Amino acid sequence: MSIWEALELMNTLVDESDPDTQLSQIAHALQSAEAARRDNQPRWMILTALIHDLGKYLFFLGEPQWTVVGDTFPVGCKFSSKIVYAHYLKENPDYHHPVYSTKYGIYSPHCGLDNVHLSYGHDEYFYHVVKDYLPVEAAYIIRHHSFYSCHTEGQYSWLLNEHDVAMMKWVKVFNQYDLYSKAEAEPNVNQLKPYYMELIQEFFPDKIKW
C-alpha cells in the first residue's frame with residue numbers, strides 16, 4: 001500500500017483518545033504538516049508531521065483503539081505519576097512487582113531507549129514500517145512522539161543516552177505541530193494533495209509493506 005492510500009484509509013478513523021479534535025486522521029495529518037511547512041521546517045519534518053500517526057493502521061488489522069492509540073511509557077521499571085491516567089496502572093501486576101516497581105527496574109542508568117521496552121502502540125509499529133526510508137531524526141520522532149511523560153513532563157531522563165538527548169530535541173520541535181496545530185477548520189485535501197504526493201515520492205517508493 002502507498003503512503004497516500006494509508007492516509008486516505010485513516011480518513012475513516014477518529015481517534016477516541018484525542019480530546020482536541022473530532023476531525024479524521026487525514027485532517028489532523030494535513031494540519032500538522034501545514035503548520036510545519038509554514039514554519040519552513042526541513043522537508044523531512046513536514047513529511048514526518050504528515051505521516052506520524054499512520055501506525056494507527058493497526059486498528060484496521062483488528063486491534064481495538066485502546067491498544068493502538070494514546071501515550072507510551074516504559075515497562076520493567078517504576079511507572080511515573082506523569083503517565084496519562086497513571087492511577088489505572090495500580091491495577092497492573094507490575095505496579096507491585098519487587099523488581100519492576102523500583103526506579104531502575106531491569107535497566108541501568110542511561111542505557112538508551114533502544115534498550116528499553118516501551119508499551120506497544122502505533123509509534124513502535126510504524127517505526128518498523130518506515131525506518132529504512134527516513135532520516136534518523138524522523139524515524140526517532142515517529143517511534144517516540146507519544147512518550148509524553150519523557151519529552152513533555154521530563155520524566156525518565158535517567159534512561160536517555162547521548163543519542164536520545166540529541167534526538168529528543170527534534171521530538172520537542174515536532175510536538176508543537178502534533179499538539180498545537182489542531183483546529184476545527186477542515187484542510188482542503190484535493191488542493192494540498194499534489195504537494196504532498198511529490199513530498200512522499202521524495203522519500204518513499206510507490207508501495208511499502210504494512
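**Helix H3 and its surroundings**

In this predicted model, Trp 44, Met 45, Thr 48 and Ala 49 of helix H3 are in contact with Trp 170, Val 173 and Phe 174 of helix H7. Sorted by class, the residues of this contact between H3 and H7 are six nonpolar and one polar, with no charged residues.

**H3 against H7**

- H7 comprises residues 162-179, and its axis lies 11 Å from that of H3, at an angle of about 60 degrees.
- The crossing of H3 with H7 is right-handed.

**H3 against H2**

- H2, formed by residues 25-38, packs with H3 at an angle of about 165 degrees, and the two axes are 7 Å apart.
- Because angles over 145 degrees count as roughly antiparallel, H2 and H3 are described as roughly antiparallel to each other.
- H2 and H3 also cross in a right-handed manner.
- On the H2 side the contact involves Ala 29, Leu 30, Ser 32, Ala 33, Ala 36 and Arg 37, while H3 contributes Ile 46, Ala 49 and Leu 50.
- By class, seven nonpolar residues, one polar residue and one charged residue make up the contact of H2 with H3.

**Burial of H3**

- H3 is largely enclosed by the rest of the structure, because eight of its nine residues are buried.
- These buried residues are Trp 44, Met 45, Ile 46, Leu 47, Thr 48, Ala 49, Leu 50 and Ile 51.
- Their cover includes helix H1 (3-10), H2, H4, helix H5 (136-144), H7 and helix H8 (189-203).

**His 52**

- His 52 is located in the loop between helix H3 (43-51) and helix H4 (122-130).
- With a relative accessible area of 1%, His 52 is buried, because the term applies to values under 20%.
- The side chains of His 52 and His 28 are joined by a polar contact of 3.3 Å.
- Leaving aside residues up to four places away in sequence, His 52 touches His 28, Ser 32, His 122, Phe 126, Ile 142, His 145, Phe 174 and Asp 178.

Definitions and conventions: Residues are numbered from 1 along each chain as its sequence is written. This is a predicted model: local features need pLDDT of at least 70, side-chain atom pairs count only at pLDDT 80 or more; totals for chains, interfaces and linings use all residues. Side-chain values use heavy atoms; hydrogens and water are left out. Helices (H or I, at least four residues) and strands (E, at least two) are DSSP runs, numbered from the N terminus. Buried means under 20% relative accessible area, exposed over 50%, partly exposed in between (1.4 Å probe, protein chains only). A polar contact is a pair of N or O atoms within 3.5 Å; within protein, one must be able to donate a hydrogen and the other to accept it, and residues adjacent in sequence count only if both atoms are side-chain atoms. Contact means heavy atoms within 4.5 Å. Axes are lines fitted to C-alpha atoms, for helices over the stretch in contact, and angles run from 0 to 180 degrees between N-to-C directions. A crossing is left-handed if the near helix is turned anticlockwise from the far one by less than a right angle, and right-handed if clockwise. Ala, Val, Leu, Ile, Met, Phe, Trp, Tyr, Cys and Pro count as nonpolar, Asp, Glu, Lys and Arg as charged, and the others, Gly among them, as polar. Angles under 35 degrees count as roughly parallel, over 145 as roughly antiparallel, 65 to 115 as roughly perpendicular and the rest as oblique.
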